[in-house]
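Me: I have a structure open and want to learn how to read it. Can you take me through it, feature by feature?

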Amino acid sequence: MGILIVKMNVLAEKRKEVWQTINSLTADMKKEEGCLDSGFFQNAKDETEILYLTTWTDRSALEAYLKSVKFTVLLGIRSLLRKEPTINICEDESFCRRGG
């Protein structure tokens, strides 16, 4: 299994734009080869903190997504963030390595 977790700290005035972008990316994500689940979540205490989560059947499916146009679009919202996103790639639920 492969899990991608992207933590973003959004500029408050750009939150709606970020939500719309991520929503459009996740809307049909399950159609992607190997995608088991996809979603995004807002921190209850800090509405500018968003987690984007995707779960994949295996590492190769996740790697294919990381090279996709959709992931490039996700990274393109960096200009709407307060700081660089934190990207974590997990092999399974028990082990996670920190990425760029």
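Reply: Helices and strands here are DSSP runs, numbered from the N terminus; a helix takes at least four residues and a strand at least two. Keep in mind that this is a predicted model. Now a case: Glu 33 sits in the loop between helix H1 (15-26) and strand E2 (35-42).

Me: How many helices and strands does the protein chain have?
Reply: The protein chain has three helices and five strands. Read from the N terminus, their order is β-α-β-β-α-α-β-β.

Me: How compact is the protein chain for its length?
Reply: Compare the radius of gyration with the globule rule. The protein chain comes out at 13 Å, close to the 13 Å that the rule gives for 100 residues, so it is as compact as a globular protein of that length. Along the principal axes, the C-alpha atoms fill a box of roughly 35 × 25 × 20 Å.

Me: What share of the residues counts as buried?
Reply: Buried means under 20% relative accessible area, and exposed means over 50%. Of the 100 residues in the protein chain, 40% count as buried. The accessible surface is about 5,800 Å², and carbon and sulfur atoms hold 51% of that.

Me: Back to Glu 33. Is Glu 33 buried or exposed?
Reply: Glu 33 counts as exposed, because its relative accessibility is 74%. Leave aside the neighbours within four places in sequence, and Glu 33 is in contact with Trp 56 and Ala 61.

Me: Where is Ser 38 found, and what does Ser 38 touch?
Reply: Ser 38 is in strand E2. At 18% relative accessible area, Ser 38 is buried. Beyond four places in sequence, its contacts are Thr 26, Met 29, Tyr 52, Leu 53 and Thr 54.

Me: Take Thr 26 from that list. Which element holds Thr 26?
Reply: Thr 26 belongs to helix H1. Thr 26 counts as buried, since its relative accessibility is 14%.

Me: What share of the contacts joins residues 24 or more positions apart?
Reply: Among contacts in the protein chain with a separation of 6 or more, that share is 63%.

Me: How do I read Glu 63?
Reply: Find the element, then the accessibility. Glu 63 is in helix H2 (residues 59-66). Its relative accessible area is 26%, so Glu 63 is partly exposed. Glu 63 and Leu 4 are 59 residues apart along the chain, and their C-alpha atoms are separated by 10.0 Å.

Me: How many aromatic pairs does a search of the whole structure find?
Reply: The search finds three aromatic pairs. Take Trp 56 and Tyr 65: the ring centres are 5.0 Å apart and the planes meet at 25°, so this pair is stacked. The cut-off for stacked is planes under 30 degrees apart. Both Trp 56 and Tyr 65 are buried. Together with Phe 71 they form one aromatic cluster.

Me: Last topic, charge. How many positive and negative side chains are there?
Reply: The protein chain has 15 positive and 15 negative side chains. The centres of the two sets lie 5 Å apart.

Methods
Residues numbered from 1 in each chain as written. Predicted model: local features only at pLDDT ≥ 70, side-chain atom pairs only at ≥ 80, totals over all residues. Heavy atoms only, no water. Rg over C-alpha atoms; globule rule 2.2 N^0.38 Å. Buried < 20%, exposed > 50% of the residue type's maximum accessible area, 1.4 Å probe, protein only. Contact = heavy atoms within 4.5 Å. Areas by Shrake-Rupley, 256 points an atom, 1.4 Å probe, with all protein chains shown as cover. Lys, Arg positive; Asp, Glu negative; His and termini not counted. Charge placed at Lys NZ, Arg CZ, Asp CG, Glu CD. Phe/Tyr/Trp six-rings, centres within 6.5 Å; stacked < 30°, edge-to-face > 60°.
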